[in-house]
Amino acid sequence: QRLSGLSDGRFNEAVRTLKRQGFKTEPAIAQLLGLSGDPYVEVAALRNRDDGELCRLLEKVKNV
C-alpha cells in the first residue's frame, strides 16, 4: 500500500498488469522493483524501508 501511495496508484496498475500475465503478487512486485532473491522475503523486507528508499526503488520502474 505504501508503494501505491508513493506512486499515486501507478505501481498497483503495473502489478495488476503482471498479475494478468500469471504472476503472483509478491513475484510481480519483486520483478518491477528489480529485487533479487526470494520475492516473498524481499517484499516483506520492504516494510522496514523508509519512504525515501521506496521512492528510489520506484524511480527505477518504467511508467510508475
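**Confidence and conventions**

I looked first at pLDDT, the predictor's confidence in each residue, from 0 to 100: the mean for the chain is 91, and 95% of its residues reach 70 or more. This is a predicted model, in which I take local features only at pLDDT of at least 70 and side-chain atom pairs only at pLDDT 80 or more, while totals for chains, interfaces and linings use all residues. Residues are numbered from 1 along each chain as its sequence is written, and side-chain values use heavy atoms, with hydrogens and water left out. In the chain, confidence is lowest in α1, at a mean of 88, and highest in α4, at 96; helices here are DSSP runs (H or I, at least four residues), numbered from the N terminus. I keep in mind that where pLDDT is low, the predicted coordinates should not be read in detail.

**Salt bridges**

How many salt bridges does a search of the whole structure find? I noted three, a salt bridge being a side-chain nitrogen of Lys or Arg within 4 Å of a carboxyl oxygen of Asp or Glu.

One of them pairs Arg-2 with Asp-51, with 2.8 Å between the closest N and O atoms. This pair links distant parts of the chain, since Arg-2 lies in helix α1 and Asp-51 in helix α5 (residues 51-59), 49 residues apart. I checked exposure, where buried means under 20% relative accessible area, exposed over 50%, and partly exposed in between (1.4 Å probe, protein chains only). Arg-2 counts as partly exposed at 34%, and Asp-51 is partly exposed at 40%.

Glu-13 is partly exposed at 36% relative accessibility, and Arg-16 is partly exposed at 39%.

Glu-13 also meets Arg-20 in a salt bridge of 3.1 Å, N to O. Through shared partners, the salt bridges join Glu-13, Arg-16 and Arg-20 into one network.

**Arg-20**

Is Arg-20 buried or exposed? I recorded Arg-20 as exposed, because its relative accessible area is 59%. Arg-20 belongs to helix α2 (residues 10-20), and its side chain makes a polar contact of 3.2 Å with that of Thr-17. A polar contact is a pair of N or O atoms within 3.5 Å; within protein, one must be able to donate a hydrogen and the other to accept it, and residues adjacent in sequence count only if both atoms are side-chain atoms.

**Largest pocket**

Last, I looked up the largest pocket, which holds about 400 Å³ of space, a volume being the space filled by probe spheres set on grid points joined across faces, edges and corners. Of its 17 lining residues, Gln-1, Arg-2, Leu-3, Ile-29 and Val-43 are the closest to the centre. A pocket, on a 1 Å grid over the protein atoms alone, is an open set of points where a 1.4 Å probe fits, with protein on both sides within 12 Å along at least five of seven lines, and lining residues have an atom within 4 Å of a point.

I noted that α2 gives the most to this lining, with four residues.

Terms used. Helices (H or I, at least four residues) and strands (E, at least two) are DSSP runs, numbered from the N terminus.
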